[in-house]
There are 2 protein chains.
Amino acid sequence: MKHQLILKNISRFITLNQKEQDLYISLLTEKKIKKKDFLLRKGEIARYDYFISKGCLKIYNIDHKGSEHITMFAVENWWSGDMASFITQQPATYFIQALEDSEVLQISKENFDLLFEKIPKFERFYRILYQRSLVTYIQRSDQNISLSAEDRYLNFVKKYPSLVNRVSQKNIAAYIGVTAEFLSLLRKKIAENLN
Amino acid sequence: MKHQLILKNISRFITLNQKEQDLYISLLTEKKIKKKDFLLRKGEIARYDYFISKGCLKIYNIDHKGSEHITMFAVENWWSGDMASFITQQPATYFIQALEDSEVLQISKENFDLLFEKIPKFERFYRILYQRSLVTYIQRSDQNISLSAEDRYLNFVKKYPSLVNRVSQKNIAAYIGVTAEFLSLLRKKIAENLN
DNA sequence: AGAGAAAAATAATGTACATTAAGAAATTAC
DNA sequence: GTAATTTCTTAATGTACATTATTTTTCTCT
């Protein structure tokens with residue numbers, strides 16, 4: 001079944017009966033996206049929030065100097081979107097781009113609002129989902145300020161081992177907040193110290 | 001009335017009738033705390049989540065080198081706590097300390113869980129509160145990685161003008177992620193450039 | 001009000017990282 | 001399947017910030 005993964009994801013926090021499941025699924029649309037294509041570009045209004053069924057995407061912004069900073073990598077079973085733009089319907093500050101051919105389930109802002117009316121249980125689902133995301137972002141925000149680039153890289157490897165060989169070093173560098181050149185140097189140093 | 005502020009805060013997102021208001025208030029306890037005292041120390045279990053009725057506190061951690069990093073300043077009408085520890089009931093990674101004599105309303109973990117059972121509307125309140133916090137933390141996390149210390153300071157001044165003269169430069173430095181010495185230098189440079 | 005403590009300013013030196021540039025290796029595309 | 005593009009490596013030089021130390025200013029306490 002096509003919606004197995006998303007329903008299982010939701011069942012972590014709330015229980016839906018068959019009718020609720022059907023209603024929920026009717027609010028979603030599927031979308032396939034080719035590697036390098038964009039789900040969203042800076043300046044556009046984020047009309048959708050996404051659940052990744054397959055593939056890998058990055059959500060990033062470009063600073064005033066033209067450097068790319070990756071906020072998160074989104075893989076199967078993750079939620080993603082430009083939350084600020086989606087909620088406020090103001091222009092996005094982020095790009096969302098596929099790193100592999102990917103498949104997502106998207107919910108429009110209208111249907112998102114409708115969802116809470118029709119199935120109030122989803123307030124609870126998102127309350128818990130956001131609570132957990134907050135813990136992650138608070139930690140990451142602290143780490144970005146208190147750890148050296150080397151420690152941020154080692155943390156990344158420890159926390160997301162499967163991503164290390166799935167996304168390019170250039171992208172990992174943009175995630176941990178260093179240049180690709182410096183990350184290359186760090187990796188050499190780390191490899192040498194292991195001998 | 002003592003609970004005016006918190007009720008008004010909650011009414012931003014949900015409407016409570018008199019009975020619900022009374023029930024909610026019965027789940028809270030008041031606490032006064034002197035300047036420099038702690039609501040929570042690293043290693044303790046966070047038994048409470050806090051609403052600040054009066055005063056100013058900081059939530060911070062100490063890194064492996066002994067440096068202090070401030071996650072947030074909490075003033076009147078703000079919510080605060082070590083969310084990870086409060087939710088999971090595992091040892092806290094943060095300290096919460098009063099920067100002024102302060103008054104808080106606290107809710108215990110047991111009452112927090114009870115709240116959602118008794119008044120499910122609170123799922124919605126926290127869903128929206130967390131959603132908004134997430135937007136803030138995602139932005140801050142990006143800024144910590146992409147902006148220079150000078151820009152982070154200028155952003156702080158712009159975003160929290162009332163805090164600039166309320167908390168010490170040492171604390172502002174610990175919030176934006178630089179040493180007090182370097183912030184002092186930045187301020188001098190900024191002041192010179194204004195002439 | 002005056003002593004002691006903490007915060008802030010200034011300055012010298014050190015280091016983690018950026019920038020620039022060039023070549024080698026890997027991927028992509030026709 | 002080879003050219004073109006992108007990624008990765010290496011190295012030289014530059015800069016934003018840390019560290020340490022000293023002095024001055026402000027705050028705290030009795």
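Here is a short chat about a predicted model with chains A and B.

Colleague: How is chain B related to chain A, in terms of an axis?
Modeller: Chain B can be laid on chain A with an RMSD of 0.0 Å. Doing that takes a turn of 180° and a shift of 0.0 Å along the axis. That's the relation of a two-fold axis.

Colleague: And through which surface do the copies meet?
Modeller: Look at the interface residues of chain B: 100% of them are also interface residues in chain A. So the copies meet through the same surface.

Colleague: What's the radius of gyration of chain A, and what does it say about the chain?
Modeller: Chain A has nine helices and eight strands. For its 195 residues the globule rule gives 16 Å, and chain A comes close to that, so it is as compact as a globular protein of that length. The radius of gyration itself is 18 Å.

Colleague: What share of the residues in chain A is buried?
Modeller: Buried here takes 20 or more other C-beta atoms within 10 Å of a residue's own. Of the 195 residues in chain A, the buried ones make up 33%.

Colleague: Which residues have the most contacts inside the largest nonpolar core?
Modeller: Nonpolar side chains tend to be buried together in soluble globular proteins. The largest nonpolar core in this model has 92 residues. Those with the most contacts inside it are Leu57(A), Phe73(A), Leu134(A), Leu57(B), Phe73(B) and Leu134(B).

Terms used. Residues numbered from 1 in each chain as written. Chains lettered and ligands numbered in written order. Predicted model: local features only at pLDDT ≥ 70, side-chain atom pairs only at ≥ 80, totals over all residues. Core = buried A, V, L, I, M, F, W, Y, C linked by C-beta atoms within 7 Å. Buried ≥ 20, exposed ≤ 12 C-beta atoms within 10 Å, placed from the backbone. Least-squares fit on C-alpha atoms with pLDDT ≥ 70 in both. Contact = placed C-beta atoms within 7 Å. Helix = DSSP H or I, 4+ residues; strand = E, 2+ residues; numbered from the N terminus. Rg over C-alpha atoms; globule rule 2.2 N^0.38 Å.
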